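Me: I have a model open and want to go through it. Can you help me read it?

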Amino acid sequence: MMPENEDATAAVESPRPSVRDVFLAFFRVGLYGFGGVMPHARSVLVDRHRWVTDREMTDILTLAQLLPGPNIVNVSIMIGVRFGGAAGAAAGVLGLLGAPLVIVLALGATYLEFADEPWLKGAFAGVGAAAAGLIISVGVRLAHSLQPRPLVILFGAASFAAIAIARFPLPLVVLTLAPLGVWVAWRTGR
Amino acid sequence: MDALGSAATLLGQLAVLSLVSIGGAHAVLPDVYRLVVTEHGWMTGTEFATAVALSQAAPGPNVLVMTLIGQYVGGLALGIAALVAFCLPSSLLAYVAVRADLRASGAPWLRAVKEGLAPITVGLVLASGFILTTGAAGSGKTLAIAMVTAFLASTTRLNPLWFIGAGALLGALA
């Protein structure tokens, strides 16, 4: 079920955005987000619309990262709830994912059409390898944002080894390490 | 396994992973990989990595990789259902959290949660990159593409699309 969306000229910088404004703002975020959506979310929500301050955005982002689920989807829910309750949250998510979903399905159909072409196999293998490298770089950048204290390294290494080497299932790893990590941070942080 | 059974297995697993996906879609890729490549052989490792690449090359959040995997395994409907299965449980949790007003910035417990989870998230994302690299790299060339991309993307601010394009070009040249 899509929110009303017949008029694309929603008011910019309105102090109290409607459900439709939320939908349109996240529609924009989703479509412009080539290679990383979050910077666009900040520019649309903070700079363009001024719905939240920079400080509020950082708070929202922190909680979005702590909760499970895609960070940007969590952001769309938090902003959506704030301005339109449950309907606002739904509008945020649908706005964010609707257009990219259609594009990705078209891409996927094209891929399936040509996946067996021998001349494309090499290209797809190269593309997949690049994607794997990009994910490593995301992890490296995240690692740089941490202080290299012994406990930080211990928990980082433990979660890496549990998945990459021991091949334990993620639910087991998260439900074991996450409470332990939070407890240790709580005990050592005061 | 029949098509309906495969679909139910994939969707059920995605719904469970949704609730433990600290670090987002990237963090759950090893478990999805195990399910669709290692256990059931619905895709090869290279096809899986290609799906990840397509989701990064397309506009929108990386979570759309779930759509591509679902679409590959069971067509258009499963592509849409996979995205819903992965997003809905965590979204409901986020909705409850924000309704409960968990924002309380600067609260000591929030700091502990943040500091406790951050290194685990890093480990999960790096593990995901490791599993994808070993799964996608059928040759020395693809391994080299992955490693050079990892290095350059970590040390420069180049748009990820450049690496996807270069990977396609280098992969096509035999």
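This is a predicted model: local features need pLDDT of at least 70, side-chain atom pairs count only at pLDDT 80 or more; totals for chains, interfaces and linings use all residues.

Me: How many helices and strands in chain B?
Reply: Chain B has eight helices and zero strands. Helices (H or I, at least four residues) and strands (E, at least two) are DSSP runs, numbered from the N terminus.

Me: What are the dimensions, and how much is buried?
Reply: The C-alpha atoms of chain B fill a box of roughly 55 × 45 × 25 Å along the principal axes. Of its 174 residues, 52% count as buried. Buried means under 20% relative accessible area, exposed over 50%, and partly exposed in between (1.4 Å probe, protein chains only).

Me: And the contacts in chain B?
Reply: Among contacts with a separation of 6 or more, 58% are between residues 24 or more positions apart. A contact means heavy atoms within 4.5 Å.

Me: Where does B:M43 sit?
Reply: B:M43 is in the loop between α2 (25-39) and α3 (45-57) of chain B.

Me: Buried or exposed?
Reply: B:M43 counts as buried because its relative accessibility is 4%.

Me: What does B:M43 touch?
Reply: Leaving out residues up to four places away in sequence, B:M43 touches B:V36, B:V37, B:F48, B:A51, B:I69 and B:Y72. B:I69 is 26 residues from B:M43 along the chain, with 8.5 Å between their C-alpha atoms.

Me: Switching to chain A. Which residues of α1(A) are buried?
Reply: They are A:D21, A:V22, A:F23, A:L24, A:A25, A:F26, A:V29 and A:G30. Their cover includes α2 (38-48) and α4 (71-114) of chain A.

Me: How many salt bridges over all chains?
Reply: The search of the whole structure finds five. A salt bridge is a side-chain nitrogen of Lys or Arg within 4 Å of a carboxyl oxygen of Asp or Glu.

Me: What does A:R82 pair with?
Reply: A:R82 forms a salt bridge with A:E56, and the closest N and O atoms are 2.7 Å apart. A:R82 lies in helix α4 of chain A and A:E56 in helix α3 (residues 54-66), so the pair ties together parts that are 26 residues apart in sequence. A:R82 is partly exposed at 28% relative accessibility, and A:E56 is partly exposed at 28%.

Me: Which salt bridge joins two chains?
Reply: A:R149 forms a salt bridge with B:E115, the closest N and O atoms being 4.0 Å apart. A:R149 is in the loop between α5 (118-144) and α6 (150-165) of chain A and B:E115 is in helix α6 (residues 108-136) of chain B, so the pair joins two chains.

Me: And what about B:D31?
Reply: B:D31 forms a salt bridge with B:R34, with the closest N and O atoms 3.5 Å apart. Both lie in helix α2 of chain B, three residues apart, about one turn of the helix. B:D31 is buried at 3% relative accessible area, whereas B:R34 is partly exposed at 22%.

How values were computed
Residues are numbered from 1 along each chain as its sequence is written. Chains are lettered from A and ligands numbered from 1 in the order in which they are written. Side-chain values use heavy atoms; hydrogens and water are left out.
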